[in-house]
Amino acid sequence: MSLDVSGLSVYTDENKMDLIKKSILEGRTMEYITVQPDIKSSATINILDTTLVGQAGSCGFNPDGTTALTQRAISVAPIKINESICLNTLESYYTQKMMNPGSYNEAIPFEQLYAEEKAGKINAMIEDIIWKGDTTGAGNLALADGLLKLIDSLGTVVDGNVGAETAITAANVVDIVDGMVGVVPTDIINKDDLVLFVGYDTYRTYAKALRDANLFHYTGAENTDFIQVVPGTNVKVVAVRGLNGTDRLVLSTSANVYAGTDLLSDAEDFKIFYSNDNDEVRFIAKFKIGVQVAFPEFVVEYTNA
């Protein structure tokens, strides 16, 4: 006689481990640019520019030169995220072990993890929109226009692809970065907030190229925060999620690049609540986002030729 288990399914312990949230690369661009809050729909970046006309010293007064007041508009797009969860669904799966006794469940049993996951995903979504947003596209990126589309529409930015490169490789990435730094307008070359934004993919290629060039004494090439300074310059290289996979590099001062929003904490102050009328838990997040640059001529951008 033998044991017959043909009527059983192979056992899998689904309650052995806690829920874990998916790890995502979140955004940080807004830490390195100028954020303009309190915008409901649109606002202006108010610019003052003046010219000086020197004259030979003599008696009399001869007015010359001009002072111009101009504006660049920054518009924000309202964005919302709505989700509903029927808690009864959880009763049919291993998640029932996490729920309180009784039929009146009004809270997600893993609400803290759920909230953390949503916060991270919203942060990453905003980061992607800031750079790659395009209202003519599809998906989340179509909710607002981003910096790359804006830069492509401006005719006065500086072309940073001085070597007419067709791709970013380990062999040319150092020259590409040096070339961009070399064409930074002299009016801003001494600014202490010059930032070269790159994707994490480009950053890793750049760091490896510096290391392979025997620059072992330069510890910035091994910076675990994906931030370093271009050797011998005042330009900080910052890797950002929004430029991943784009083969684009953007260099300017933090003061020149703007992100507009309404309330700074809107994207973080989402709501999770139980709806009696619908017998479900609901998630609501609302925020606004838009981008602009004050002086396009102070933007150096790289695009493959």
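Colleague: Which helix and which strand each supply at least two residues of the lining of the largest pocket?
Modeller: Helix H1 (111-132) and strand S12 (280-293) do. This is a predicted model: local features need pLDDT of at least 70, side-chain atom pairs count only at pLDDT 80 or more, and totals for chains, interfaces and linings use all residues. Residues are numbered from 1 along each chain as its sequence is written, and side-chain values use heavy atoms, without hydrogens and water.

Colleague: Which residues lie nearest the centre of the largest pocket?
Modeller: Met30, Asn123, Ile126, Ala267 and Glu268, among 20 lining residues. Lining residues have an atom within 4 Å of a point of the pocket, an open set on a 1 Å grid over the protein atoms alone, where a 1.4 Å probe fits, with protein on both sides within 12 Å along at least five of seven lines.

Colleague: How do you know that S9 and S13 pair?
Modeller: Pairing takes at least two bridges in DSSP. Three bridges join S9 (residues 249-253) to S13 (residues 300-302), so they pair. They run antiparallel. Val250 has Glu301 of S13 as its bridge partner.

Colleague: Why is one side of S5 and of S7 left without a neighbour in the sheet?
Modeller: The open, mixed sheet runs S5-S13-S9-S6-S8-S7. S5 (158-159) and S7 (227-229) stand at its edges, each with a single partner strand, so one side of each has no neighbour there.

Terms used. Helices (H or I, at least four residues) and strands (E, at least two) are DSSP runs, numbered from the N terminus.
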